[in-house]
Amino acid sequence: MLTQDRLSAEVDVLKQARQELRLGSPAQALQVLADYEHRFGEGTLGEERRALSAIAACQAQPGAAARATAAAFLRSAPRSPLAERVRAACATQPQRE
């Protein structure tokens, strides 16, 4: 059963990751998001964690791997309210490298 404390802890970690992105520290955001995954697994807010991870990956190291992360998120959650943010951050149109 989900406790309010666990949900609050998940929210706090995601807030920290968003803050790192706002500060222009996507590598730090990725570390925070890895901590989320380690602590909570998929968690209740796993979809948001996966979206933020895709965005952070695209900002930290744009390229095929980051676009693949974004594409995987978009396949798994095409109707997510975060899908457009992922698309915008990652420019997921097919590209050849």
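The torsion about the S-S bond of Cys58 and Cys90 is about 115°, so the disulfide is right-handed. Cys58 belongs to helix α3 (residues 46-60) and Cys90 to helix α5, so the bond ties together parts that lie 32 residues apart in sequence. The model is predicted, and its secondary structure consists of five helices and zero strands.

**Disulfide**

- The structure holds one disulfide.
- This disulfide joins Cys58 to Cys90, with an S to S distance of 2.1 Å.
- A disulfide is a covalent bond between the sulfur atoms of two cysteines.
- Cys58 and Cys90 are both buried.

**Overall fold and dimensions**

- Read from the N terminus, the elements of the protein follow the order α-α-α-α-α.
- A compact globule of 97 residues would have a radius of gyration near 13 Å, and the protein agrees with this because its own value is 13 Å.
- The C-alpha trace spans about 45 × 30 × 20 Å along its principal axes.
- Of the 97 residues, 36% count as buried.
- The accessible surface of the protein comes to about 5900 Å², and carbon and sulfur atoms account for 51% of that area.
- Among contacts between residues at least 6 apart in sequence, 53% join residues at least 24 apart.

- Phe73 lies in helix α4, which covers residues 64-76.
- The relative accessibility of Phe73 is 2%, so Phe73 counts as buried, the cut-off being under 20%.
- When neighbours within four places in sequence are left aside, Phe73 is in contact with Glu47, Arg50, Ala51, Ser80, Leu82, Ala83 and Val86.
- Phe73 and Gly24 are 49 residues apart along the chain, and their C-alpha atoms are separated by 22 Å.

**Confidence of the prediction**

- The protein has an average pLDDT of 89, and 92% of the residues score at least 70.
- In the protein, confidence is highest in helix α2 (residues 26-40), at a mean of 95, and lowest in helix α5 (residues 83-90), at 92.
- Over residues 92-97, pLDDT stays under 50, and the model has eight contacts beyond four places in sequence for this stretch.
- Where pLDDT is low, the predicted coordinates should not be read in detail.

Technical notes
Residues numbered from 1 in each chain as written. Predicted model: local features only at pLDDT ≥ 70, side-chain atom pairs only at ≥ 80, totals over all residues. Heavy atoms only, no water. Helix = DSSP H or I, 4+ residues; strand = E, 2+ residues; numbered from the N terminus. Buried < 20%, exposed > 50% of the residue type's maximum accessible area, 1.4 Å probe, protein only. Contact = heavy atoms within 4.5 Å. pLDDT = per-residue confidence, 0-100. Disulfide = S-S within 2.5 Å. Rg over C-alpha atoms; globule rule 2.2 N^0.38 Å. Areas by Shrake-Rupley, 256 points an atom, 1.4 Å probe, with all protein chains shown as cover.
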